[in-house]
Amino acid sequence: MNLYRLTLRPLSAFGSEPLGDMLFGQLCWAARNRYSEERLGELLTGYTANRPFAVISDALPAGHLPRPALPGHWFETIDNEDRKAAKKRVWMPLELATAPVAEWVRHCKAPGDIAGAIPREHSQPHNTIHRQTGTTGEGQFAPYAMSQLWYGLDSVLEVYAGLDESRLSAGELEALFGDMGTFGFGRDASIGLGKFQVLRIEPFAWPEPASTDAWLTLAPCAPQGLGFDASRSFYRIFTRFGRHGDIGVHQGHPFKTPVLLAQTGAVFAPIPRAGAESTGGAFIGQGLGGGNTLSRAIPGTVHQGYAPVIGIQLPQREAAA
Amino acid sequence: MKLIAIQKLTGTLQLVSGLHIGSGNTEMHIGGTDNPVIKHPLTQHPYIPGSSLKGKIRSLLEWELGVVGITDRDPLGFKHIGKMEPAQRETAKDLLRLFGGAPEGGNHYSDLVKEIGPTRLAFWDCALEPGWIEEMNGRNLLLTENKSENMIDRIRGVAEHPRNTERVPAGARFEFSLTLRRHDTDGDLLAAVWKGLKLLELTGLGGSGSRGYGKLKFTRLELDGEDRLPQLREIRFNAAA
């Protein structure tokens with residue numbers, strides 16, 4: 001599996017935050033529409049058996065990684081630092097990411113310092129036109145508001161994609177992301193949201209730290225039952241209430257089974273083994289779904305429980321400290 | 001059914017009269033208007049949301065097709081197709097191909113859903129043309145105007161109930177974008193798109209249309225770089241004349 005970095009420029013507000021598992025889901029629809037249902041079936045062969053054709057990260061601010069979800073005392077203490085202000089600095093410049101994680105607190109930046117780091121939420125009113133009168137009205141025709149996420153001007157986002165090029169080429173991945181950007185990602189794509197431009201796709205390799213002993217995830221992932229060292233793994237959980245997109249929304253029940261995931265920025269340490277070296281794996285996690293477990297409408301539905309990872313070096317601290 | 005192309009329609013939308021697309025008045029500003037227009041939250045420039053364009057064009061096309069009597073005030077959906085005259089049905093299906101349909105309970109229309117496929121049109125928000133912004137800044141003028149309105153007391157013939165409405169002034173230019181997905185099973189869906197855009201020009205956009213607000217015209221219209229303005233100009237709606 002090869003690692004690529006796609007550079008995207010947002011061209012509109014977004015209805016959905018571009019997280020890795022949602023980007024992967026829409027990538028599947030784009031592949032189905034562009035290449036056929038059969039091709040998608042081939043791409044998803046072995047998906048739940050640790051053989052994904054692609055693993056997509058969140059769209060991150062260009063040149064930055066999320067700060068790991070570690071307890072505060074796992075980072076160095078900085079004298080005279082406002083601890084609350086330090087907690088808000090959550091984006092780590094990529095070129096400094098080879099430093100031990102304990103030192104990251106010195107280098108991290110707050111969202112306000114990075115163009116497009118955190119989209120600003122803004123409400124937009126909508127209404128449905130009453131077909132007979134051409135006006136708004138009551139009931140379904142009454143005005144209502146929907147929230148939107150607005151990236152700042154000049155913001156650039158980066159998506160890291162692990163790719164099995166025997167099944168999907170980099171050119172094809174770029175074309176599919178181009179389709180997604182042209183047509184819109186996420187909610188309300190046909191009415192102006194979620195547009196982006198793919199500036200480039202390039203092979204990418206993480207900068208190598210001196211040594212690594214844990215993974216930092218760059219997308220929501222499903223680590224359940226994979227044998228990580230619980231005393232040195234940290235994450236925030238959330239539940240993904242998924243919903244089919246594209247024409248899936250019309251086929252019976254559009255809502256999927258909820259999935260428990262660890263948020264981006266999770267830290268997972270493998271259980272130490274005698275003589276074991278850090279693996280060269282580009283992703284961790286597992287593929288979820290298949291065989292009617294995630295959706296009653298589309299039995300083959302899968303969900304990305306994989307996440308691209310970067311190796312990090314944790315401090316030697318006890319979790320109970 | 002397979003995606004074979006994504007066509008991009010780009011152009012310039014110019015206002016012939018002031019445009020008001022309301023922003024819901026969620027905040028109170030000292031000196032602000034009663035009815036503000038929707039603005040980009042970061043730049044405070046007015047823009048035309050894609051949802052306004054899609055909704056207006058769609059409802060106009062439904063009227064033009066004559067299905068409003070069947071849909072009974074609701075937007076056209078999958079459940080209405082079966083009730084139509086055969087002559088009308090294919091065109092109605094094209095409308096659903098272009099604009100999509102709302103999810104309707106259960107699996108009753110799954111064959112029709114598979115036949116129709118995904119929504120083909122994606123509207124884009126229309127931002128003000130940078131050249132227009134420079135022009136207005138160069139002339140030291142604002143990007144929006146304030147218009148006062150009132151109601152005439154029918155007996156006394158005097159003005160009452162004054163209110164002010166914010167509008168984007170006539171002459172403003174917006175960058176228009178629209179993408180159309182072509183699948184291998186599609187017929188000529190562009191005919192309905194031209195019709196929709198022409199109807200938009202003839203009736204206007206946003207609020208208070210019958211009072212003269214929101215009239216606009218395309219001064220440039222290109223499909224994948226080729227000029228399509230003549231095609232738009234040729235469309236007529238005078239069957240009843």
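This report walks through the confidence, salt bridges, cysteines and a few surface features of a predicted model.

## How confident is the model?

Let's start with chain A. Its average pLDDT is 84, and 95% of its residues reach a score of at least 70. One stretch to read with care is residues 274-280 of chain A, where pLDDT stays under 50. For that stretch the model has 3 contacts beyond four places in sequence.

## Salt bridges

Over all chains, a search of the whole structure turns up 32 salt bridges. One of them pairs the side chains of A:Arg39 and A:Glu172, with 3.1 Å from N to O. A:Arg39 sits in helix α2 (residues 37-43) of chain A and A:Glu172 in helix α5 (residues 170-183) of chain A, so this pair ties together parts that are 133 residues apart in sequence.

Another salt bridge is made by B:Glu62 and A:Arg131, whose closest N and O atoms are 2.7 Å apart. Because B:Glu62 belongs to helix α1 (residues 50-65) of chain B, while A:Arg131 lies in the loop between β5 (120-126) and β6 (144-150) of chain A, the pair joins two chains. Are these two residues buried or exposed? B:Glu62 is buried, at 0% relative accessibility, and A:Arg131 is buried too, at 3%.

## A network in chain B

Within chain B, B:Glu115 and B:Lys93 form a salt bridge, the closest N and O atoms being 3.2 Å apart. B:Glu115 is in helix α5 (residues 110-116) and B:Lys93 in helix α4 (residues 86-99), so to speak two distant parts of the chain linked across 22 residues. B:Glu115 is partly exposed, with a relative accessible area of 35%, whereas B:Lys93 counts as buried at 11%.

Both residues also belong to a network of salt bridges that includes B:Glu90, B:Asp94 and B:Arg97.

## Cysteines

How many disulfides does the structure hold? Over all chains, there are 0. For A:Cys108, the closest cysteine sulfur is in A:Cys221, 20 Å away, which is too far for a bond. A:Cys108 is buried, at 5% relative accessibility. B:Cys126 is buried as well, with a relative accessible area of 0%.

## Surface and loops

A:Tyr235, A:Ile237 and A:Leu260 make a nonpolar surface patch of about 300 Å². A:Tyr235 is in the loop between β10 (214-217) and β11 (237-240) of chain A, and is partly exposed at 43% relative accessible area.

A:Leu96 is found in the loop between β4 (91-93) and α4 (104-107) of chain A, and is partly exposed at 34%. Beyond its neighbours within four places in sequence, A:Leu96 is in contact with A:Trp104 and A:His107.

Note on methods. Residues are numbered from 1 along each chain as its sequence is written. Chains are lettered from A and ligands numbered from 1 in the order in which they are written. This is a predicted model: local features need pLDDT of at least 70, side-chain atom pairs count only at pLDDT 80 or more; totals for chains, interfaces and linings use all residues. Side-chain values use heavy atoms; hydrogens and water are left out. A disulfide is a pair of cysteine sulfur atoms within 2.5 Å. Buried means under 20% relative accessible area, exposed over 50%, partly exposed in between (1.4 Å probe, protein chains only). Patches are made of residues with over 30% relative accessible area and no salt bridge: like charges are joined within 9 Å, nonpolar side chains (Val, Leu, Ile, Met, Phe, Trp, Tyr) within 5 Å. Accessible areas come from the Shrake-Rupley method with a 1.4 Å probe; for residues, only the protein chains shown count as cover. A salt bridge is a side-chain nitrogen of Lys or Arg within 4 Å of a carboxyl oxygen of Asp or Glu. Helices (H or I, at least four residues) and strands (E, at least two) are DSSP runs, numbered from the N terminus. pLDDT is the predictor's confidence in each residue, from 0 to 100. Contact means heavy atoms within 4.5 Å.
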